[in-house]
Amino acid sequence: MIRFVICQLSFSYVLLMCNCRMSGLYIDNGIDQTLVQRFMTRQEKREVENEILNLLGLQNRPRPAANSKTLGSSAPKFLLDVYKSLLDSSVSRTTRSEFNLSGRDLHAIDESDVIMTFTSNNKHVSSVRHERGKRLWFDVSDIPVGETIVDAELRLYKNSNYSMDSGENFTVSVYQLLLENGEKELEFVDAVNTSYSQEGWLIFNMTGPLTSWVTFPQTNKGLYMSVHPADRLVHEMRPEDIGIVSTSLEGEEEKQPFMVAFLKATSNTPKRTRKTREIRRRKKAENSETSYSRNPFTDSSLWSTRSCQIQTLYVSFRDLGWQDWIIAPDGYGAFYCSGECNFPLNAHMNATNHAIVQTLVHLMYPFEVPKPYCAPTKLTPISVLYFLDDSNVILKKYKNMVVKSCGCH
């Protein structure tokens with residue numbers, strides 16, 4: 001459900017759309033009493049939910065399985081760490097992350113509009129002749145074709161083992177699995193050197209394979225991970241022998257392998273189909289014929305004639321009942337602009353030169369030239385972290401979501 005909290009003078013307005021029987025618009029009368037303004041129909045509640053989903057670029061409400069909604073696993077923890085770093089960008093993020101974010105990672109985070117993670121599973125993994133390495137497969141079908149891939153990484157966690165020779169080094173290589181007329185099985189992607197004593201995340205560049213899999217989905221045969229002593233390539237070892245966590249073991253969910261894709265969206269504005277627009281126009285026409293009781297959102301007589309300024313508006317995802325798939329935030333302060341742009345336009349109204357001229361002309365011709373309107377002069381984005389399905393988690397930035405200042409236009 002969504003809660004809109006709009007504070008003006010001594011009143012606040014709360015739009016409650018829960019799954020309960022009685023839902024509607026409530027008014028706080030300023031003396032700790034909440035009075036119902038108008039009950040909402042079930043259709044109205046569905047329309048508002050659909051509008052928010054459309055704004056988030058989703059056709060349907062994600063419904064991940066209950067056993068997949070754990071923040072203890074590696075992929076959600078990684079994106080939650082990135083999400084928190086975006087909330088406080090003034091602090092150096094290189095020292096705050098347990099995932100060893102590099103300068104390259106921080107650049108990709110800043111440049112991307114969408115960050116998606118994918119956990120490994122055992123589906124659709126083709127066979128290879130090698131027996132001691134580890135095969136990984138990631139379902140990347142949710143990445144839209146046409147999105148710009150800023151960067152992509154494979155992250156593998158390695159536990160330390162001080163009981164072994166800490167001076168011995170190893171090379172961990174990742175290959176893309178291919179099938180070209182049966183002649184070629186593996187194509188080298190990236191490699192990282194490590195040792196028994198090292199502990200932490202090993203990071204591999206996956207931009208090439210991911211670009212191939214998104215463009216040609218049928219080529220996604222997965223990856224093959226191979227481990228060799230650094231000074232010789234003949235004795236292949238099992239990844240777990242040097243401490244690499246290659247499967248989701250019980251108690252080690254926070255160390256399971258995952259891929260992360262940093263994407264630049266082609267458009268941050270949700271596209272509406274012609275059918276959707278026709279439905280919206282029809283519903284709007286039907287609603288215009290319905291006589292409701294006085295509504296503070298449409299009845300200007302209920303609002304103060306104070307001058308243009310920012311007002312409080314809070315949108316709650318938790319009240320909408322979406323906490324099962326939206327990880328963060330619980331909601332956000334959207335704010336809005338309200339008030340009159342009357343002569344004289346004071347400095348705090350942030351009036352444009354055009355608005356000043358329009359106000360003067362309105363004084364002379366009030367029935368021909370309208371007054372300027374109170375509107376946002378600065379908008380900032382928000383980030384939403386959510387489960388897309390049972391295995392994939394997304395951190396998405398949405399532009400122009402929070403009003404920071406208002407002015408007369």
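Which residues do ring pairs link into a cluster? In this predicted model, the cluster consists of Phe78, Phe99, Tyr157, Trp201 and Phe258. The count of aromatic pairs comes to 12. In one of them, the ring centres of Phe78 and Phe258 lie 5.4 Å apart. Their planes meet at 50 degrees, so the pair is tilted. Phe78 belongs to helix α2 (residues 74–87), and Phe258 to strand β13 (residues 258–264). The pair therefore ties together parts that are 180 residues apart in sequence. Both Phe78 and Phe258 are buried.

The rings of Phe317 and Trp322 form a stacked pair, because their planes are at 20 degrees, under the 30 degrees that sets the limit for stacking. The centres of these two rings are 6.5 Å apart. Phe317 and Trp322 are both buried.

Phe317 and Trp322 also line the largest cavity. The structure holds 1 cavity of 30 Å³ or more. The space in the largest cavity is about 30 Å³. By class, 5 lining residues are nonpolar, 1 is polar and 2 are charged.

Glu236 sits in the loop between β11 (223–229) and β12 (244–245). Two polar contacts of the Glu236 side chain involve side chains of Tyr224 and Ser226. The contact with Tyr224 spans 2.8 Å, and that with Ser226 spans 2.9 Å.

Terms used:
Residues numbered from 1 in each chain as written. Predicted model: local features only at pLDDT ≥ 70, side-chain atom pairs only at ≥ 80, totals over all residues. Heavy atoms only, no water. 1 Å grid on protein atoms, 1.4 Å probe; cavity = no way out; pocket = protein on both sides within 12 Å on 5 of 7 lines; lining within 4 Å. Points joined across faces, edges and corners; volume = space filled by probe spheres on them. Nonpolar A, V, L, I, M, F, W, Y, C, P; charged D, E, K, R; others polar. Helix = DSSP H or I, 4+ residues; strand = E, 2+ residues; numbered from the N terminus. Polar contact = N/O pair within 3.5 Å; in protein donor to acceptor, adjacent residues only side chain to side chain. Phe/Tyr/Trp six-rings, centres within 6.5 Å; stacked < 30°, edge-to-face > 60°. Buried < 20%, exposed > 50% of the residue type's maximum accessible area, 1.4 Å probe, protein only.
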